[in-house]
Amino acid sequence: LIAKIETNGTVPHEQNIMAFFAIYDDEKQLVRVASHIGAINEDAITLTIDNFAAEAEKKYKAKAFLWNDKLQGDSFVLAEAVGLDDLVDFKVTVPEGREPVVLQLTDPQIIDASQERTPERLGASLDAYYAKDQMDARCYSYMKEAIEATQPDLILLTGDLVYGEFDDNGSSFTKLVEFMEGFGIPWAPVFGNHENESAMGADWQCDRFENAQNCLFKQRSLTGNGNYTVGIFQGGVLKRVFFMLDSNGCGNMSNASFANGHSKKAIGFGTDQIAWYTDVGKKINILSPETKVSFAFHIPLAMFQQAYIKYGFANDDSFTPIDIDAIENKEAGDFGYLGGKISSVCDADYSAYNAMKRIGADSLFTGHLHEQSASVIYDGVRFQFGQKSSTYDQTNYRKEDGSIAFSYTNAGTPIVGGTVMKL
């Protein structure tokens with residue numbers, strides 16, 4: 001348990017003080033205590049009780065006390081007392097003795113041409129290519145193959161699950177949820193920049209997620225929709241926590257989505273999102289110092305532009321595709337393909353990235369740019385674009401001559417599926 005005791009400015013920072021965080025059982029017996037003796041440097045004190053095991057039959061109360069020659073044992077407000085159960089929204093338990101398998105799927109971006117809002121929005125050829133009866137062929141067959149081949153413990157979907165402009169009645173979104181539920185595997189989605197275009201609205205979509213049995217999703221009132229944590233536990237120990245974030249950026253957002261007051265059209269994280277994951281991350285660092293930290297979101301951070309420079313990446317007109325898999329002297333653990341510039345990013349001032357680093361982030365998983373599937377280590381962090389999971393919208397295709405084409409329609413063998421996360 002970690003406790004924050006607020007002094008409300010009544011204790012000068014230079015004064016020595018004794019602070020106690022005490023846990024009592026329902027018989028008013030003292031069970032555990034944590035203490036601090038000395039000066040404080042702010043208007044709050046944080047104390048930690050390690051390895052507190054609650055008995056199921058008992059109820060407990062927490063109290064906080066401060067003493068010095070002026071306070072004489074006054075009882076202060078216990079501003080906060082939390083354990084890991086309060087910080088990890090969802091738990092995925094993996095048997096000991098093996099590495100957890102986490103599969104990233106991204107950007108299926110399902111299009112139902114029968115719901116196009118304006119005639120000729122797609123054109124005759126794409127109307128047929130994206131016909132409603134083509135969903136299995138364009139998307140679900142590839143996702144099914146990836147899931148069945150990898151047998152993951154957890155599936156992360158990093159946004160643009162449906163193209164909301166072509167799902168005003170919500171049928172595509174509903175079908176995707178039903179499809180994912182069919183595997184009986186925990187799955188955790190984040191929003192991209194297209195779902196919230198749907199006339200059904202973000203809150204309706206969030207409800208579908210939250211009411212699905214195997215879906216791990218929590219709607220908070222922070223900027224965006226669905227900011228939450230997923231923890232992987234082995235042997236009762238929190239091995240890794242995923243911060244699942246909405247990177248926002250749905251410029252064509254429907255009125256129904258915008259109405260909830262925290263959906264954001266502009267790209268990037270809100271300051272409240274950064275404050276939330278910073279606060280939760282710091283507490284996890286204290287309570288479980290060995291826990292590793294990952295982030296999953298849709299739109300890449302500007303730091304992604306720096307991560308690939310070691311392979312000759314240039315984010316300008318001199319760019320040429322980079323097949324990391326074909327590089328003989330590539331660094332261990334690096335893989336994938338960069339098919340274009342990384343031009344659509346957020347966090348230009350690196351503030352979100354720096355906050356992630358401060359709580360120990362060692363991996364960032366994203367999507368959004370369909371031509372990218374590269375995963376590299378830079379600055380001690382894995383930067384990963386997930387493999388696109390459908391042939392909706394632009395997709396990479398392997399041509400007969402071995403080259404790769406980026407196209408809206410069939411230009412060879414589609415390079416789609418998913419990416420097993422290297423953790």
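Start by colouring the chain by pLDDT (the predictor's confidence in each residue, from 0 to 100): the mean is 91, and 93% of residues reach 70 or more. This is a predicted model, where local features need pLDDT of at least 70 and side-chain atom pairs count only at pLDDT 80 or more, while totals for chains, interfaces and linings use all residues. Residues are numbered from 1 along each chain as its sequence is written, and side-chain values use heavy atoms, with hydrogens and water left out.

Next, select 71-77. pLDDT stays under 50 there, and the model gives this stretch 20 contacts (heavy atoms within 4.5 Å) beyond four places in sequence.

Now for the pockets. A pocket here is an open set of points on a 1 Å grid over the protein atoms alone, where a 1.4 Å probe fits, with protein on both sides within 12 Å along at least five of seven lines; lining residues have an atom within 4 Å of a point. Show L1, N51, F52, G83 and L84: of the 17 residues lining the largest pocket, these are the closest to its centre. The space there comes to about 490 Å³, the volume being what probe spheres set on the points fill.

Move on to the second largest pocket, about 250 Å³. Select its lining, including E96, R98, E99, K239, R240 and K292. By class, the lining holds 6 charged, 3 nonpolar and 2 polar residues, with Asp, Glu, Lys and Arg counted as charged, Ala, Val, Leu, Ile, Met, Phe, Trp, Tyr, Cys and Pro as nonpolar, and the others, Gly among them, as polar.
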